[in-house]
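Biologist: Hi! Could you walk me through this model, one question at a time?

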Amino acid sequence: MPKAAFFTLGCKINQYETAAMKQQFFEAGFEIVEPDCLADVYVVNSCTVTAVGDRKSRQALRRMRRQNPSAVICLCGCFPQAFPEDAAIIPEADVITGSKDRSGLLLAVREKLAGGPKVVDIKPHDTLEAFESMNARDFYSLTRAYVKIEDGCARSCAYCIIPAARGPVRSKPLQEIRAEIESLAELGYAEIVLTGVNLSCYGSNFGLRLIDAVRAACASEKIRRVRLSSLEPELLTREDINEMASFQKLCPHFHLSLQSGCDETLRRMRRQYTCNEYGGILKDIRSAFKNPAITTDVMVGFPGETDDEFSSSLAFCKEQGFARAHVFAYSKRPGTSAAAMDSQIPDAIKRKRSRIMIAEMAISRAAFLGRQLKIPAEVLFETHRPDGMWEGYSENYTPVAMYADDDLRGKIMSVIPSSSDGEICFVNKL
């Protein structure tokens, strides 16, 4: 039986698509092994959000070639889709496809295994293309399952290459969402996560909205919890937020990408909201949901960001009480308009601003976790830690750990956090 190994970079979308490709290869007679094992086929599912992602993809390809010089090495995903000419000449890759037609990878691999020539098949996106239906049933050690319901992005943020890598917005039909969720429930998953490249745009290509998918997911009798992945904030209306709050199964955790807490910076980024509008959405969520968690992404050092603009962004972020913030420095991405902007910020200044923002967001994180103490929480336990504690996540994605003699993996238990170290909550910490 031939062996296939997969290495995934990037977002939850890539993880979902890798799981679907693993399933296709398994059903075709391949044994699925870990990427550090000897395999006949290696697949790198790439990310191209930053140039660092491209470099990691190249490093993985070289590492796999060293592991087995005679293996078929494959590169797929966003990197070759966005930069097809660069990807096509990578010497370590025998099969190169993009982020479209994932099912075509297996056929290309079979051709190469049969002695065929190098395969470069990067199909371009087009405005009329349909959602590529795929199903992932085994998420390999995860206790929650992901359901990809949307692909593509119609936004034009100045720093982002994703529209080129992922194409136009297209959405999974509701009946397919329902069927996939029911099949995952039958496999024993207690929680599903709706995910997409721009999840907030779900259904915009055929007259539906995200609330329609949420409604369908929460209607499943066998799934106990429904969670949303990252959202663009401006498409969340007060009416939809209020309806979401009526679904007991929907977890009160919203990851709303901010990028900057300064209106001037947001305009240069071509984001489609103001700080005041973003703050209003947070108020609506907190009014509608009990004890919600709001997490975010914050970029520092975008071209032209002055000291005053950074100070404004820092002050706004401190005011919002985020449960967690992923802070990162802007990095120039070829193919985006921001890469050609004047007033690029020196790396030393970006590093300094990152440290300041990270420190303040750590304070915000600790304060949020402190507010979770002595409040009952329903925790889905996932992993057994080396220190003997079981760790999982509450409804609002608060990490919680506790000691237990029983195997808690995949179980949802009602607990009361009693302490926190600023990063995680503990139940009866010893």
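**A loop residue to begin with**

Modeller: Gladly. Gln-259 has a relative accessible area of 7%, so this residue is buried. Please keep in mind that the model is predicted.

Biologist: Where is Gln-259 found, and what is its phi?

Modeller: Gln-259 sits in the loop between β11 and α10. Most residues other than glycine have a negative phi. Gln-259 is not glycine, yet its phi is positive, near 75°.

Biologist: Which value does phi take in Asp-101, and is Asp-101 buried or partly exposed?

Modeller: Asp-101 lies in the loop between β5 (95–97) and α5 (104–113). Its phi is positive in a residue other than glycine, near 60°. The relative accessibility of Asp-101 is 25%, so the residue counts as partly exposed.

Biologist: Is Glu-17 buried or exposed?

Modeller: Glu-17 belongs to helix α1 (residues 12–27). Buried means under 20% relative accessible area. Glu-17 has 0% relative accessibility, so it counts as buried.

Biologist: Which side chain makes a polar contact with the side chain of Glu-17?

Modeller: Leaving aside neighbours within four places in sequence, Glu-17 is in contact with Asn-45, Arg-102, Met-134, Lys-148, Asp-151 and Arg-166. A polar contact at 2.5 Å joins the side chain of Glu-17 to that of Lys-148.

**Strand β9**

Biologist: Which residue is the bridge partner of Lys-148 in β9?

Modeller: Strand β7 (residues 144–151) and β9 run parallel, joined by six bridges. In β9, the partner of Lys-148 is Thr-195.

Biologist: How many of the residues of strand β9 are buried?

Modeller: Both faces of β9 are covered. Glu-191, Val-193 and Thr-195 are buried on one side, and Ile-192, Leu-194 and Gly-196 on the other. The strand (residues 191–196) is therefore largely enclosed by the rest of the structure, and the count of buried residues is six of the six.

Biologist: How far is the C-alpha atom of Ala-219 from that of Ser-260?

Modeller: Ala-219 is found in the loop between α8 and β10. With a relative accessible area of 56%, Ala-219 is exposed. Ala-219 and Ser-260 are 41 residues apart along the chain, and their C-alpha atoms are separated by 36 Å.

**Helices α11 and α12**

Biologist: What separates the end C-alpha atoms of α11, and what do its buried residues pack against?

Modeller: At 1.5 Å a residue, the 14 residues of α11 should span 20 Å, which agrees with the 20 Å between its end C-alpha atoms. The buried residues of α11 are Cys-275, Tyr-278, Gly-279, Ile-281, Leu-282, Asp-284 and Ile-285. They pack against α9 (238–245), β11 (253–255), α10, β12 and α12.

Biologist: Within what arc do the buried residues of α12 fall?

Modeller: An α-helix has 3.6 residues a turn, so residues three or four places apart point the same way. In α12, the buried residues are Glu-309, Phe-310, Ser-313, Leu-314, Phe-316, Cys-317 and Gln-320. Seen down the axis of α12, they line one face of the helix, because they fall within an arc of 165°.

Biologist: What covers the buried residues of α12, and which residues are exposed on the other side?

Modeller: The cover includes α10 (263–269), α11 (275–288), β12 (293–300) and α13 (347–371). On the other side of α12, the exposed residues are Asp-307, Asp-308 and Glu-319.

Biologist: Which strands are the edge strands of the open sheet?

Modeller: The open sheet has six strands with mixed pairing, in the order β17-β14-β15-β16-β19-β18. Each edge strand pairs on one side only, and these are β17 (412–415) and β18 (419–420).

Biologist: Which residue in β17 is the bridge partner of Val-379?

Modeller: Strand β14 (residues 377–384) runs antiparallel to β17, with four bridges joining them. The partner of Val-379 in β17 is Met-413.

Conventions:
Residues are numbered from 1 along each chain as its sequence is written. This is a predicted model: local features need pLDDT of at least 70, side-chain atom pairs count only at pLDDT 80 or more; totals for chains, interfaces and linings use all residues. Side-chain values use heavy atoms; hydrogens and water are left out. Helices (H or I, at least four residues) and strands (E, at least two) are DSSP runs, numbered from the N terminus. Buried means under 20% relative accessible area, exposed over 50%, partly exposed in between (1.4 Å probe, protein chains only). A polar contact is a pair of N or O atoms within 3.5 Å; within protein, one must be able to donate a hydrogen and the other to accept it, and residues adjacent in sequence count only if both atoms are side-chain atoms. Contact means heavy atoms within 4.5 Å. The arc is that of the directions from the helix axis to the C-beta atoms. Two strands pair if DSSP finds at least two bridges between them. The expected span of a helix is 1.5 Å times one less than its number of residues.
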